[in-house]
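Dear colleague,

Please find below the structure that I am handing over to you. My findings follow directly after it.

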Amino acid sequence: MSPMSDPRPAATLMVMGTSSSAGKSLLVAGLCRCFARRGLRVAPFKAQNMSNNAAVCPDGAEIGRAQALQAMAAGRPPSADMNPILLKPEGDSRSQVIVDGRVWKSCAARDYYRQRDRLWPHVVAALDRLRAAHDVVVIEGAGSPAELNLADVEIVNFAVAGHVGEIGRAHV
């Protein structure tokens, strides 16, 4: 069966690190390039990124520059599905929240974490769309997955790994 006719979602590979600035973004870009050179349809994915350095997608959506670079490495046009939540710091523990490439609102960190149930469906939908359209999705975590104080509210590390794992078990 060819990858185009296979109804199963794309394979995934997740890269997590010990902290921010550990090299995850560059490693994901390199993996995307390797998979693309092997003829696979590959896409990067980072559920939530914090950066003032946004890139603009062809449809005008904003994503993190790292995900735009990863898309380039994958030979794909950048899309909001590759980074459905972008946090642009504004100062005083506030960030502008970009959801699906568009400004949603500005809020304090403590208020942002209260929005998990509202934001999680955007993350899942974006990842599922990428998995339906590609052979491989390379997922980048954020910061350190060992931040236990965020375990119940995070939407980028083990929450994403758990979602992918649930899908994988459903198709075994």
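In what follows, contact means heavy atoms within 4.5 Å. Helices (H or I, at least four residues) and strands (E, at least two) are DSSP runs, numbered from the N terminus. The model is a predicted one, in which local features need pLDDT of at least 70 and side-chain atom pairs count only at pLDDT 80 or more, while totals for chains, interfaces and linings use all residues. Residues are numbered from 1 along each chain as its sequence is written, and side-chain values use heavy atoms, with hydrogens and water left out.

The helix pair H1 and H2

Helix H1 covers residues 24–37 and helix H2 residues 65–74; they pack at an angle of about 20°, with their axes 7 Å apart. Axes here are lines fitted to C-alpha atoms, for helices over the stretch in contact, and angles run from 0 to 180 degrees between N-to-C directions. On the H1 side, Ser25, Val28, Ala29, Cys32, Arg33 and Ala36 meet Ala66, Gln70, Met72, Ala73 and Ala74 of H2. By class, this contact has 8 nonpolar, 2 polar and 1 charged residues, where Ala, Val, Leu, Ile, Met, Phe, Trp, Tyr, Cys and Pro count as nonpolar, Asp, Glu, Lys and Arg as charged, and the others, Gly among them, as polar.

Within H2, the residues Gln67, Ala68, Gln70, Ala71, Ala73 and Ala74 are buried; buried means under 20% relative accessible area, exposed over 50%, and partly exposed in between (1.4 Å probe, protein chains only). The buried residues of H2 pack against H1 and against strands E2 (42–45), E3, E4 (54–56), E5 (62–64) and E9 (136–140). Just after H2, Gly75 takes a positive phi of about 75°.

The two sheets

Strands are taken to pair if DSSP finds at least two bridges between them. Three strands form an open sheet with parallel pairing, in the order E1-E9-E2. E1 and E2 stand at its edges, each with a single partner strand, so one side of each is left without a neighbour in the sheet. The twist averages 20° from one strand to the next. E2 and E9 pair in the parallel sense over 4 bridges, and Val42 stands opposite Val136 in E9. H1 packs on this sheet, touching E1, E2 and E9, and its direction makes about 175° with that of E9. H2 lies across E2 and E9, running at about 170° to E2.

A further open sheet has 4 strands in the order E3-E6-E7-E8, with mixed pairing. Its edge strands are E3 (48–50) and E8 (102–108), each of which pairs on one side only. E7 (residues 94–99) runs antiparallel to E8 and is joined to it by 6 bridges; Arg94 stands opposite Ala108 in E8.

Individual residues

Two residues other than glycine have a positive phi: Ser21, near 60°, and Asp100, at about 55°. Ser21 is found in the loop between strand E1 (11–15) and H1 and, at 80% relative accessibility, counts as exposed. Asp100 lies in the loop between E7 and E8 and is partly exposed, with a relative accessible area of 28%. Ala159, in helix H5 (residues 158–170), is buried at 15%.

Yours sincerely
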